Each structure stands twice: as C-alpha cells, then as structure tokens.
Amino acid sequence: MDGRRTSLDIEEYPNTEVQKNQVLTLEEWQDKWVNHNTAFHQEQGHQLLKKHLDTFLKGESGLRVFFPLCGKAVEMKWFADRGHSVIGVEISELGIREFFTEQNLSYSEEPITEIPGAKVFKSSSGNISLYCCSIFDLPRTNIGKFDRIWDRGALVAINPGDRKCYADIMSSLLGKKFQYLMCVLSYDPTKHPGPPFYVPQAEIERLFGKICNIHCLEKVDAFEERHKSWGIDYLFEKLYLLTEK
C-alpha cells in the first residue's frame with residue numbers, strides 16, 4: 001500500500017468551514033437519478049451495517065426503522081424481511097420506483113395530503129413506506145417516532161447550511177431508547193467540494209451532542225479508484241452510534 005493511506009489515524013481536517021456555502025438543489029439530486037449518476041448506491045448493501053447489525057437491533061423485533069434520503073437502499077428490504085417496519089424519505093420518485101422494481105416488490109402509491117405534489121409509496125406487504133418529498137417537508141406528515149435510524153448518505157448529502165434544520169428534524173423523530181447509526185466521510189475538503197460533504201466528529205457533537213451519547217464504532221479506509229477523480233488521495237468512512245442520553 002502506498003504511503004498516503006497507511007494509517008487510519010490521519011487527523012481530521014482542521015478547516016471545517018471550507019464547504020459551508022456549497023449547495024445542491026433538489027432538482028440536481030433528481031437529475032443524478034435520471035442520468036444514472038448514482039455511484040453512492042451500494043448494490044450489496046453496506047458492509048459496516050452488516051457487521052454491526054446485532055449491535056444496532058439488539059435482538060428486538062417489530063421496530064420502526066427510518067431511512068433518511070433512502071434512495072433505493074437494499075437494506076430497507078433486509079429490515080422488512082426481519083419483520084421490522086421501514087419508513088424512508090427520498091426526493092427522487094425514480095429512485096423509489098427502482099427500489100420496488102429491483103426488489104421485486106409490488107406496491108401502491110397515494111398522494112400525501114399534507115404536502116402538495118408529494119406521494120407515499122407502500123409495499124403490498126405494508127411494512128415499507130417510502131415518502132417522495134423533501135425531508136424538510138416531512139414533519140408535516142406526523143409520521144411518528146422511530147426506534148432505529150440508519151443514516152448513510154444522508155447527513156453527508158445535506159447542504160452544510162441546512163444541517164442544523166436536518167438535525168432538528170432527526171431529533172424530533174427519535175423514540176425512547178433509540179439507536180441511531182450514522183456514517184460520515186473524512187477527506188481533505190479543500191480538494192473536493194462535495195457532495196458527499198466532509199462531516200467531522202465535532203460537527204456531529206454540535207448537532208446531536210445535547211440529546212445523544214455519541215460513540216465511534218469503527219473507522220475504515222473507503223478509498224476507491226473512482227475517488228481519484230474527486231482530487232483526493234484518502235477517504236475514510238466512520239460509523240457512529242448515537243443513543244439516548
């Protein structure tokens with residue numbers, strides 16, 4: 001292995017403000033799906049989630065699990081197949097339809113009365129409901145509290161200027177004795193504008209520290225050949241577990 005990635009102990013980048021004004025519109029996210037620019041999707045599911053699944057679920061059954069900015073994450077079917085109730089939110093209707101098609105699940109759709117133009121897609125089994133709308137509109141729907149949240153590709157995709165609003169929404173969805181698993185990425189943010197955006201631990205503590213205990217479960221080298229095009233030479237993925245204080 002070359003010298004740039006021999007250690008997982010690279011310090012977090014000191015300039016956390018460099019990306020603060022970066023903005024992607026909802027239309028630009030929808031275009032990513034139309035143009036198949038979705039390298040963030042993991043067809044085999046997330047390996048760190050698989051590894052820490054028992055820690056996350058704690059042997060409990062019938063949980064309500066929330067997927068913010070869910071895309072067509074295959075893990076939604078994992079949880080549904082285990083008897084849990086899965087709710088996701090995604091701006092791309094195309095992404096939602098692809099999920100049901102690729103997982104061979106029949107579904108229905110209906111308008112969300114509280115959000116003009118928005119829809120909810122529900123599996124025929126009834127245990128997967130995906131809301132097609134902006135996550136910032138979701139609180140209007142009164143979807144209730146969640147036992148578990150799997151945040152992969154969500155916080156790192158939110159425009160940095162919107163993180164406080166996002167964190168407030170996520171906090172409002174947390175039920176008693178919740179487990180909130182969150183993946184963030186660490187790289188040199190002066191070399192890549194994002195998304196995905198760089199989220200240091202201090203930012204997680206700023207956003208969630210008042211109500212959550214924050215524990216880093218694992219840090220892994222996530223650098224792939226495709227990341228060279230970002231202009232970076234290292235990329236680490238960190239998995240955090242947030243629990244009730």
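Is phenylalanine 121 buried or exposed? Phenylalanine 121 is buried, with a relative accessible area of 0%. Here, buried means under 20% relative accessible area, exposed means over 50%, and partly exposed lies in between (1.4 Å probe, protein chains only).

1. Basis. This is a predicted model: local features need pLDDT of at least 70, side-chain atom pairs count only at pLDDT 80 or more, and totals for chains, interfaces and linings use all residues. Residues are numbered from 1 along each chain as its sequence is written, and side-chain values use heavy atoms, with hydrogens and water left out.

2. The sheet. Nine strands make an open, mixed sheet in the order S3-S4-S5-S2-S1-S6-S7-S9-S8. Strand S3 (107–111) and strand S8 (212–221) are the edges, each pairing on one side only. On average, neighbouring strands are turned by 15° against each other, direction ignored. Strands (E, at least two residues) and helices (H or I, at least four) are DSSP runs, numbered from the N terminus. Two strands pair if DSSP finds at least two bridges between them.

3. S2 and S5. Strand S2 (residues 85–90) and strand S5 (residues 128–132) run parallel, joined by five bridges. Glycine 88 stands opposite leucine 130 in S5.

4. Helix H6. Helix H6 (residues 163–172) packs on the sheet and touches strand S1 (64–67), strand S6 (146–152) and strand S7 (174–186). The direction of H6 makes about 145° with that of S7. Axes are lines fitted to C-alpha atoms, for helices over the stretch in contact, and angles run from 0 to 180 degrees between N-to-C directions.

5. Serine 92. This residue is found in the loop between S2 and helix H5 (93–102). Serine 92 is buried, with a relative accessible area of 3%. Leaving aside neighbours within four places in sequence, serine 92 is in contact (heavy atoms within 4.5 Å) with Gln30, Trp33 and Cys132.

6. Aromatic cluster. Phe99, Phe100, Tyr107 and Phe121 form one aromatic cluster. Rings of Phe, Tyr and Trp (its six-membered ring) pair if their centres lie within 6.5 Å; planes under 30 degrees apart count as stacked, over 60 as edge-to-face and the rest as tilted. By this rule there are ten aromatic pairs. Phenylalanine 99 and phenylalanine 100 pair edge-to-face, at 5.2 Å centre to centre and 70° between the planes. Both are buried. Tyrosine 107 and phenylalanine 121 have ring centres 6.0 Å apart and planes at 50°, so this pair is tilted. Tyrosine 107 lies in strand S3 and phenylalanine 121 in strand S4 (residues 119–123), so the pair ties together parts 14 residues apart in sequence. Tyrosine 107 is partly exposed, at 27% relative accessible area.
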